[in-house]
Structures are given as C-alpha cells and as structure tokens.
Amino acid sequence: MTQTAADASQSVQTNPKQSQDRRWRSVNRTIRLNGNQPDALIETLHAVQESFGYIDLDAMQYVARELTVPLSRVYAVATFYHYFTLKPPGDHTCVVCMGTACYIGGSTAILDSIHEGFGISPGETTPDGKVSLLTARCLGSCGLAPAAVFDGEVAGKLDAATVVEKIARWADHDSES
Amino acid sequence: MTLSLEELQQIARIEKDRREGFQHRIKICVAAGCLSCQSATLKEAMEKEVSRRGMENWVDVKGVGCLGLCTAGPLVFVEPDGILYQGVKVSDAGPIIESLGAEPIDALHCSTDLPFFARQHKVVLENCGRIDPERIEDYIAEGGYYALYQALRNMTPREVIQEITRGGLRGRGGAGYPTGLKWTTVAKAVNATKYVICNADEGDPGAFMDRSVLESDPHRVLEGMAIAAYAVGAAQGFIYVRAEYPLAVKRLRTAIAHAERLGVLGNGIFNTRFRFDVRVRLGAGAFVCGEETALMASIEGRLGKPRPRPPYPAEYGLWGCPTLINNVETFANVAPIIRNGGAWFAGIGTETSKGTKVFALAGRVNHTGLIEVPMGTMLRDIVFEIGGGIPRGGRFKAVQTGGPSGGCIPEQYLDMPVDYESLAEAGSIMGSGGMIIMDESSCMVDVAKFFMEFCMSESCGKCVPCRVGTTQLYHLLCKITSGAAQPSDLDKIEELCDLVKNTALCGLGQTAPNPVMSTLHYFRDEYTAHIEDKVCPAKACKMQPAKEVV
Amino acid sequence: MSKMRIATTWLDGCSGCHMSLLDLDDRLADMAQQIEIVYGPLVDALEFPEAVDVALVEGAVSSDADVKKVRLIRERSKILVSFGDCAVTSNVPAMRNEFRVQEVLQRGYEENVSCHGQIPGVGVPALMPQVRPVHEYVEVDVFLPGCPPPADAIFFLLSELLQGRIPDLTGKSRFGA
Amino acid sequence: MTAADAFSRKKSNTEARSVRILTFKIDDRDVSAREDETILAVARQNNIYIPTLCHLDGLSERGACRLCIVEIKGSPKLVPACVTRGREGIEVITNSERIADYRRKILELIFTERNHVCSVCVSNGHCELQQLAVNLGMTHVHYDYLYPRLAIDASHERFSLDHDRCVLCLRCVRVCDEIEGAHTWDVMKRGINSRVITDLNQPWGSSSTCTGCGKCVQVCPTGALSEKGKSVAEMVKRRQFLPYLQLMRGVDRE
C-alpha cells in the first residue's frame, strides 16, 4: 500500500465512509444502493475503478469491510476479471482491439510498431506515465477492423503509422505544456 | 402506475402523428460502428443546418441504431424518400438538407437494391436503424410492448410457452437448445422465487450482434424478458452485459427507466398482478462468464468459474433459485413470435432451424457489418451476394464461425445451408453469429493459434485439462508457427485436443480445441508445411527455426 | 549365447543412479555371466561403442555436449533406458530453468565465490537455454524414474531385459524415490 | 457446499423426506446406494479405486481435477465421479483403457504446470501427487514442462507455502472457508496464472485473518503447504480432524 494514488490513500485516512471526496461518495452510493450486500462486490469494484481509474489495496480493504467480503475474495475477484486494473493508468490510454477481425486485419503489426516506437507492450505504461497501452478482446467494431480506442474514442480502419502518429501527438503535446 | 391498452395505442398514435408531421425524416446511425466515424458530430451538424434554415417543423433529425453496413459509415437514411447515404462527412450535412425533396446526391448515394439489403430478412433487427433507441415512444409506435400486453392479458403462461415451442425457436447463444423446452423446465420448477437472466456477455471476438440490438433496440429485449418472466413465473430479471459496451449499458439503463416510468416494467403491468423488475449487472472482462453457471456466479459477485452441471440453472440457478437464461438475440425473437404467432415464425428457416439469424460479417469481405437472413441461407450467398465477395480480387479460403468454440469452414462447403445441424456437420457451430471471412493471406495455423491464445487466457483455471491443456496446446502451436516443431508435435496436438474436449469441466474448455481440430481437418497440409518444410504458405508467420546442435 | 552389451552414461546428474546400480552388489557379480559393460564411468572406454544392446542414460540434457552425446547413444543402442529422475523428468538440474543461463552462471561463478570469480568459457560445453529430459531429444524405450531408482528396480529392469522383455516398471519405482 | 449438495438438500427439504435406494453397477459389480450419494462415495464403500486429487472427504466438491472421471455405459460423455450421483440401472465403468489414458495425461499436465521436483520436496514419500503417478502407471511426462518462475512464502512463523508444488486443488481455500471460517485463502488471477493467496496477496505471515490453525497445511495433498522445522520423514499430513468436523456438518444437514 505504498505508492498508490496519493489523494486516494489520504482520503482513506480520513475514512472513505465520511469522505467528502466525490469519488468516494460515488463508491459509497453504489454500496448503499446495493444494501451493503456481498453480491455487490463486482458492482462496487466497478464504481471504484470508475472513480479512481484503478483499484488499489486500500480501496479493496474498504470494500471488503463495507460488504463483509473476505479480503482474499476481493483480491481474487479484482484479479480474475481483466477489466479491473490494480495499476494507475497513464494520462492517455490506447486500447488496441485484438478481436478476430482485427487480428487478421493486422492488429499485431500495430502492437509491434507501438512497441518499437514507445517501448511499451500491452498492459504497460510509458515510464513518464503519459501513455498506457491495453488490448481488448473485441470492441465489437469488427466492421471497421482493425480498430482501437484512443482515450475513449473508437477509431477504425487503422494502420500502424496512423496509430503511432496519434500516440506520438499525445507524448509530444504534453511534454511541451 | 399501470398502463392500459388504450393508453399504449394512444402513445403509438401520437408518435405516428408526430412523424407524419414532418415532411422529411433524416435518420443518422449512432451505433458504435458509425459513432467511431464521428456520426455524433454529423448529427449535431445536421441539426444545426436544419435550425439555421428554420426547418425544424418539417425536417426531423434523429439518431437511430445500426443500419447494418458498418463498413460504409457514417450512414444516413432519408425518409420517406428511402435514400441511403454512405460515408457522409460533416460538410455533407448542408447539401443533404438542400437536396431534400429534390434529386439525391449521387456521390453519397448507396443503393438499397444491393443484395446486402435486398437479401436480408429482418425480424430481430426490424427496428434497428428505424427507431431512436432512447425513446420508448418510438418503439411503441412500431408495435412495441403490444406482445407483452397480448401475453399478459390474453394468454396463460402455458399458452405463451406453447407459442414459443410452436415457433421452434432455439437458443441463439451458441448451442441451439430449444427455447420452449428451457422455459417449460423453469416454469415447472417449484419455487417462490425465480429469475430470468439475459446473457449479454457477448464475448466471442468477431460477434457484435447483441451489442447492436442493445444499442439500437433495447426495449425489444426488455419486452422479451418480461414475456419470458411471465411464462416461467419470475418477478426479477438481470441483464448481464459487458462493461466493454458502455453505450449499450447506457441505453439499456435509459430504456429500463423509461419502461418503469411508463409502467411496462414494475408492479401490476397492464393492470394484472404480474410484476417484473430488471437490473443491469456489468461483466468485467471474462469470456467464461458467458457460461451459464459462471455467469450466475458473477451476478452473485463471485469469481466467474463454472461448476459441474447438473444441477442445471433451470432447477438450481441464481442464489439457488430456478433460473432462465437466454441470450439477447433469443429474447429479441420473443415479442415478434407472440405478436405474429409461432406458426409465422416456424414458416421462416429450415426444418430444424426456424426463424432468422443475425450474423456479424467481418474479415476479408467487401461488405462488413450486421446482417439478418433466414436460417438455411447458403453460405455462398452470405459471403458473395450479401457480403459482396472478397476484396481486391482475393480468393476465398475459409469462413470462421462460432468464435473460439467454432471452426473454420473451407471452400467446398460454400454451398451448405447455414443452420445448426449443417454447421455442426462441417465441424463448426452456429455460435453467437460471428462470421469472419478469410482469404489466402490468412494462415490457418496462425488463426488456430489466435483462438487457442484466447481460450488459454480466458480459461478460468478451475479444471486441469482446460487450464494446462490449452496452455500446452498454445505452446505447441507457437512451436509450429515459429518453425521449431517436430512431426511428433502434431500427434501431441491431436491427443491434447481429444483430451481437453472430453475431460474439461465446462463448455469453454470442451470446445476450446474446435478451431484447431477443424483447421487440422481441412488444412492439414498447412500444418505440415510449417513443420516439415519450415514455411508458412500464407506468409503470415515469421518462421525462425531453432538453431540446431550438430 | 553372446553377452548383453550394456553401456551406462552420465549426463547432467549427480551419479547417484550409478551408485544405486552398484548397490546391486553381488547380484551384479552374478549377472556378469550374462552382461558386458562396454562403456560408462565404471569402465575404461573412451568412445561410445557401436552395437550396444542396452544404454542406461543417467542425467538430464543440459549442454550442447549432452545433446550430441545422447543422439550418438540413441544411434548406437538398441534399447535406451532413461535412468533415474534427472533423465526422466530433468529433476534438480532443471531448477535452473526458471532463470536465464547468464543469471545462473553469474550466481554460481561470480556472486557465490569468495575470490577471483570468473565464468568459465573455454573448453567447457555451452549450456543449453533450458535443461530438458532425455526423451525430448531422442526416443526412449524404457523409463525408470527414481532419485535414485532403488537397486531392486534396476535389478528387475536388467533381469527382464535379459529375458528379452521390455519391463513393466509400474510400482517398482517412483519420482523422488 | 456444492450446488449439487445444496440442491439435493433443498429438494429433500421441500419434498418428502424419504431417500430412495438405487441399485446400479460399478465395474460389473452390483451396488446399492442412497440417491444422494455420489458415484465416488459408492465406489469407495465397495472398495473400488477411483483416483482423486481435489476431492477430500469433509470438504465441498469442486469436480475440478478431472482425475475421477468415469464412463457410464451408453453415454459418450465422461462424468466426474465426485459430483455425479448414481441413477437406477446405470453401468459405471471406472477403469477402461480410455479413462486410464485420459487420467494419465491429466496427471502429466499437472506435473508440467509447476516445478514438482519430488527428490527435494518436503513431502517426498507422503505426497498424493507422487503416489498418483505410481497408481496410474505414469512413468514419465511426454508433454513439455512449462518451468514457471515461482516464489516461496516462508513469512509465516510455523508454515510455509511453495507455489512450485501447488496443484490448485483449493483444498486449503475450502477448509479455511468451510471449516475454519476464516477465508484467509483464495485464488487470484485465472487460467495458467492462477495462484493461491492469503488476504490481499500479502505475505502469509502478515495476514490479519489467518488464525494459524494449520488446517490448510494438513489437507494439502502435496508439499505446497508444509510445517516448518519438520524433516521429510516427519512431514505426514494429519487429517484426523476432518471426519469429526464432517460429522458436525452432517448434523447441521439434518
């Protein structure tokens, strides 16, 4: 529980339950709506991730206590489901679709060129914390293969050069500012 | 509050009058495919153009669900002229408005006489691209919730099930289990509490029909669920939907709220004693949760790991209660069957596979997108007529159906009718309806490896054959595609396929070897080329034979 | 009747299996009428001979020299026995497989020595990236697991082979012993 | 409690309390059984050997190791004996060539998954996995070993955890949850990356929920969980407490 999001762990110290942090309030709302039931574990973890961008150990501890779910079960669920991440994401995220259509459409080449250009593999973030690379099982945009999501926006019919250029823009733009 | 038939009809009438009031209606596809081509901005631009010209009262601009031909997005459909525009840019908004009532713009025009549109038969997708998914009135104007009224007021639960059985509807999630039979089992189970679950955890890579239905016509699924709940005696429903489909989730939540406000969900629906509530539960990125028992475990907030069956969910399901689980497309077929009768539905399709099926066409084919055809349509028609053939003069090699549980069907089966039995005979399955077309540039070993990697990382890890067997298979396939394999490795692959298929705990494991087995069956020479000659015939694999010790 | 020509060899292992062979004691002497040990650490032969009837291979395949050796043995022997756990499972030698060869060498020859650490490079066989059991390189006719296999099991093995039978070793020995 | 247990319990609660007695065949022998008994239980009562690994009397069933698969005559599907109930008139085959072959291969897969170096394992000679290899006639593994890089957790003052020996039977998870009630153990990640964990995947010694009862160690079939300071010869697992606790669970069931 060391270098987690500083503000998040701060609010833990001030007890998330009473926290005025709107992120904790959103988590607490989910917990309350589900009547603190253990079966709301996945819903609650979704709420944590949506609020904080990831799920850290403090949050897991809090969720376990509030829903009376064993600690190990919370960790098990948070790591079983690939949608959840325990690491803070970079400032920007690029999700490359690895569905069948995208795969035969060349998404591997896209990943290769991102690796070449920025030195990150799926699941990794650039050392400066700017860009995270993820893969998705299938975005359901098979008609536009190969597809990727750039900060929540789906883009289709991509090729390696376009993707690298888009990511480069993130990396450069932010370093100037 | 409860709703009467008169009120339902009135809503439909008002909505229709409202539509009639407009001289032109512009429908812009705002499903995920076109959204990723900036159709939302296009819609804004179109609205701006209309208001700039002060035409709000006779031109209606609305966002609709999927129009099908995703490859040509953003798509715009103009009514009542019936003109479809493709690849519409923001700058085209003005000219399109100008052209209303006059000659259509040739450069953007997309003929709806194309076999892609003409050969389709829409039941599940009948409203997709026609209605605004965020307005319940639009759905009602198309006859929505009338089937629910019919069922609740004029039919007994038994009659509802009989009608479904008469229609011959089979599960659209993969295995094709007769829906009527499933409902009967749950209806017969004795328990105060029962549940209805809609499986919207569409995880097959290459399948997006469920997403499209949820994004384009969410009320249809809710209505189907409510009818099912009435038939089996449930009062609570869950929709288990992938968190990766935020738009579908949002529209579902909107739809549920609207339906509750109107009284077609909730207490005493249509002045009966029937009550039904629906809640959305989010998946979290686990393919195995498409398996019934894993899905229920996940709804209960636990690890999505399958358990041995029996007991089946119909007897012992969610929180130990009898539970009906059907997939999105299955529920989407329910209302039309009740509205038009089982006999009507049974009149579409083949002897054993009734109705229509939605397929997601993707891969090396000219027209990618969502199509709906009667069961039994020839594979060749789907690929070459509707799909428009292989781009850039390529040669058809195989079509992959059924996702990671399915197989690759080679050219010699092109004249096969697409139904549950024929697909199984060809070594594949219907699955949820993904169809990936492959040409000569695809290496079949590489495709098999792709699916095995999928099964390996989606394996829940509970049973040994799936957990370790898929890993071993993946490693063997990697050896082949990297040129490091020996002939004996092929024996090991076949042996492992047989082992995993026969001894794994759940459907995911038991079907995981299918892509390997089917490619090995039809394209064995590609495997041997990799192993013996150390070449990839499709030139897709990077062969780096291991350094030999001499 | 000519004597059965037996060769024994020792790849990456501890020689424990050979010790167990010696534990046959007087039974070995009895058998001397029927067998001839033509190669192995116990006899004085420089090159692996031709036309060997039975080869007992102890140890895992660990270096390029092992690979060459085991292939030669296979070529020149009628029956090849994977003799003991290292040959059958790669056993303790394979514990280095979790690490890269360079890491292993550094640990063994530099970090863990008190003075003048140096990784030997000249005149020693190069290590394979991973230690593997014998049957991954050549076809094996009989597997005799055990660390070491008990003398009784070895006796049974040899007696059966002398009778012209491929022995069924079920229950005679086990992994680990 | 397995779904099957819970279901039959519920059924017997709602329906009449009479338990039917069935007769069927296991390996050509006529056997009789209560309808709520598993094929495995009936086979054991009749001294018919069916290998098991994840099963342990006194814990809920998982049906996960697949070693106890049996054939039922006339059906191509193999069923796990530990969770399948008998049915009137069926013929169960526990030891056909086909089953023996599958079991051996499944066992081989388990051996390839982790680094089971029996010769230097604390449970050498007292290990169920090692014994299974003997019982099933598995003399070698013909699949490639995977050689994962795994750690040992020796942070607990009395026990240690060696992932290299773990077969993911989850007996530890079940005994801790179902009998001790602490639920210190669970399994993280999925598929080939699954690992047993304590609490939030933290060192066992720092677990806030572990009661130190050691039941997990005693039920572990291999050397994955062991007691510190014991020699190989001493590392015999003691499970005497399980029948007693099982009895309590039985009382609870009445």
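I would like to start with helix α11 of chain B, residues 218-232, which packs against helix α14 of chain B, residues 328-340, at an angle of about 75°, the two axes being 7 Å apart. Since angles of 65 to 115 degrees count as roughly perpendicular, α11(B) is therefore roughly perpendicular to α14(B). Please keep in mind throughout that this is a predicted model.

On the α11(B) side, the contact is made by Arg220(B), Val221(B), Glu223(B), Gly224(B), Met225(B), Ile227(B) and Ala228(B), and these meet a set of α14(B) residues that includes Val328(B), Phe331(B), Pro336(B), Ile338(B) and Arg339(B).

Now to another pair of helices, namely α19 of chain B, residues 464-481, and α23 of chain B, residues 524-533, whose axes lie 8 Å apart and whose packing angle is about 65°. These two helices, α19(B) and α23(B), are therefore roughly perpendicular to each other as well. Here Leu477(B), Ile480(B) and Thr481(B) are contributed by α19(B), while Tyr527(B), His530(B) and Ile531(B) come from α23(B). Four residues of this contact are nonpolar and two are polar, with no charged residue taking part.

Finally, a word on the domains. The domain assignment divides chain B into domain 1, covering 5-116, domain 2, covering 143-345, domain 3, covering 351-439, and domain 4, covering 444-533. As for how these are placed, the C-alpha centres of domain 1 of chain B and domain 4 of chain B are 47 Å apart.

Key: Residues numbered from 1 in each chain as written. Chains lettered and ligands numbered in written order. Predicted model: local features only at pLDDT ≥ 70, side-chain atom pairs only at ≥ 80, totals over all residues. Heavy atoms only, no water. Domains from an automatic or database assignment. Axes fitted to C-alpha atoms, helices over the stretch in contact; angles between N-to-C directions. Helix = DSSP H or I, 4+ residues; strand = E, 2+ residues; numbered from the N terminus. Parallel < 35°, antiparallel > 145°, perpendicular 65-115°, else oblique. Contact = heavy atoms within 4.5 Å. Nonpolar A, V, L, I, M, F, W, Y, C, P; charged D, E, K, R; others polar.
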